[in-house]
Amino acid sequence: MSEKPVVVLTRRWPEAIEAKMAELFDLRINANDQPMSRKQLAQALLDADVVCPTVTDKIDAQLLSEPNVRTRLLANFGVGFNHIDVSAAKTQGMVVTNTPGVLTDATAEIAMTLLLTSARRTGEGERLVRAGGWDGWRPTHMLSTQVTGKTLGVIGMGRIGTALARQAHHGFGMSILYTARNPRPQSEEIELGAMRCEIDELLQRADFVSINCPATPETQNLINLAKLKRMQPHAHLINTARGDIVNEADLVTALSTGVIAGAGLDVFVDEPNVSQALMDLQRVVLLPHMGSGTRETREAMGNCALANIQAFFSHQSLPNQV
Ligand code: 8YV
């Protein structure tokens, strides 16, 4: 190809990856690193051969079907692609890729962090110390829930769910219940002390429930008040997947009326806006969608997206086509 392909990054990427990409492509970077407006996204689709979106870019059927769209590849920076209308992209003859695998361990770490923080009340404890409110040790101060030896329910035993189960079982002696379309190999179930069951049984039996399934029309509002009421009053809910899998208003009701004991959330329905009702609750841990946010992982995600783009232009099979 004589002219370099035009590639648009909708946000800033790790410097080393931007530098590599600038050598290979006519790279256009959204330098101010604010989420692109709809108009800017539409323009990117007109100008670029490849657009590299993130979770902050909603790419719907209307944008994709604008006349004169030039883009042939949407190389998503992230494993989740519910912000892209993939079937509309395919109808337009576009290819969509994502970055699975490389963010598995980092995201599982944040799920485990949320689980520990929610169970052991460490967020509350830190706030207490910083606010100067700690009045000294006593046997009944800030009692919390032990994690070791308890039961973890994993909703969606894919890569991240399995990595979390591994940390929980080998690190904390937890038993694992899981839901998945297909059972995991028997050797893995034995290794992880894991048993597949229906979601209602999982909710009833688990001390901690972690959501690790993708966001799809079927999983939207999967965890509503009826489901939360199946959980045990001492149980905690952890979500590192997508906000709209949990009905947030129902979660607030469940937390404030003692239906469940606590929750840890890395994802929200209307990011970056977090409802005041959630903010007002002590027993919920709130993180700013940082599951994959290690230096190592964000760099690996960039390299993964780059490998997809290079395979696309060299007509090789794409490592991560969705
Ligand atoms: C990313 C994520 O940071 O990969 C995903 O699906 O949720 C996060 O780890 C984000 O999506 C980047 O687009």
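Predicted model: local features only at pLDDT ≥ 70, side-chain atom pairs only at ≥ 80, totals over all residues.

Visitor: OK, so E124: buried or exposed?
Guide: Buried, because its relative accessible area is 14%.

Visitor: Where does E124 lie?
Guide: In helix α6, which covers residues 122–130.

Visitor: And which residues is E124 in contact with, leaving aside neighbours within four places in sequence?
Guide: M142, Q282 and R283.

Visitor: Let's switch to helix packing. At what angle do α5 and α7 pack?
Guide: About 55°, and their axes are 8 Å apart. Helix α5 is residues 104–120, while helix α7 is residues 159–172.

Visitor: What's the handedness of the crossing where α5 passes α7?
Guide: Right-handed.

Visitor: Which residues make that contact?
Guide: From α5 you have T104, D105, T107, A108, E109, A111, M112 and L116. From α7 you have R159, I160, A163, L164, Q167, A168 and F172.

Visitor: How do the residues of the contact of α5 with α7 divide into nonpolar, polar and charged?
Guide: Nine are nonpolar, three are polar and three are charged.

Visitor: Now α1 and α13. How do their axes cross?
Guide: At roughly 20°, coming within 9 Å. Angles under 35 degrees count as roughly parallel, and α1 and α13 are therefore roughly parallel to each other. Their crossing is right-handed.

Visitor: Which residues meet there?
Guide: On the α1 side, A16, I17, K20, M21 and L24. They meet E299, G302, N303, L306, I309 and Q310 in α13. The residues of this contact of α1 with α13 divide into six nonpolar, three polar and two charged.

Visitor: On to the rings. How many aromatic pairs does a search of the whole structure find?
Guide: Three. In one of them, F25 and F313 have ring centres 6.2 Å apart and planes at 45°, so the pair is tilted.

Visitor: Where do F25 and F313 lie?
Guide: F25 is in the loop between α1 (15–24) and β2 (26–29), and F313 is in helix α13, residues 295–313. The pair therefore ties together parts that are 288 residues apart in sequence.

Visitor: Is F25 buried or exposed?
Guide: F25 counts as buried, because its relative accessibility is 6%. F313 has a relative accessible area of 21%, so F313 is partly exposed.

Visitor: What about the pair that F312 and F313 form?
Guide: That aromatic pair is edge-to-face, at 5.2 Å centre to centre with 80° between the planes. F25, F312 and F313 form one aromatic cluster.

Visitor: Backbone next. Which residues does a cis peptide bond join?
Guide: E271 and P272, with omega about 5°. P272 sits in the loop between β11 (262–265) and α12 (276–279).

Visitor: I also want to ask about D33. What's its phi?
Guide: Positive, about 60°, although D33 is not a glycine. D33 lies in the loop between β2 and α2 (38–47), and with a relative accessible area of 28% D33 is partly exposed.

Visitor: And what about the phi of H315?
Guide: H315 has a positive phi of about 55°, and H315 is not a glycine either. You'll find H315 in the segment after α13. H315 is exposed, as its relative accessible area is 75%.

Visitor: One last thing: how many Å apart in space are E23 and Y178?
Guide: They're 45 Å apart, C-alpha to C-alpha, and 155 residues apart in sequence. E23 is found in helix α1, and E23 is exposed, with a relative accessible area of 63%.

Definitions and conventions. Residues numbered from 1 in each chain as written. Heavy atoms only, no water. Axes fitted to C-alpha atoms, helices over the stretch in contact; angles between N-to-C directions. Helix = DSSP H or I, 4+ residues; strand = E, 2+ residues; numbered from the N terminus. Left-handed = near helix turned anticlockwise from the far one by under 90°. Contact = heavy atoms within 4.5 Å. Nonpolar A, V, L, I, M, F, W, Y, C, P; charged D, E, K, R; others polar. Phe/Tyr/Trp six-rings, centres within 6.5 Å; stacked < 30°, edge-to-face > 60°. Buried < 20%, exposed > 50% of the residue type's maximum accessible area, 1.4 Å probe, protein only. Parallel < 35°, antiparallel > 145°, perpendicular 65-115°, else oblique.
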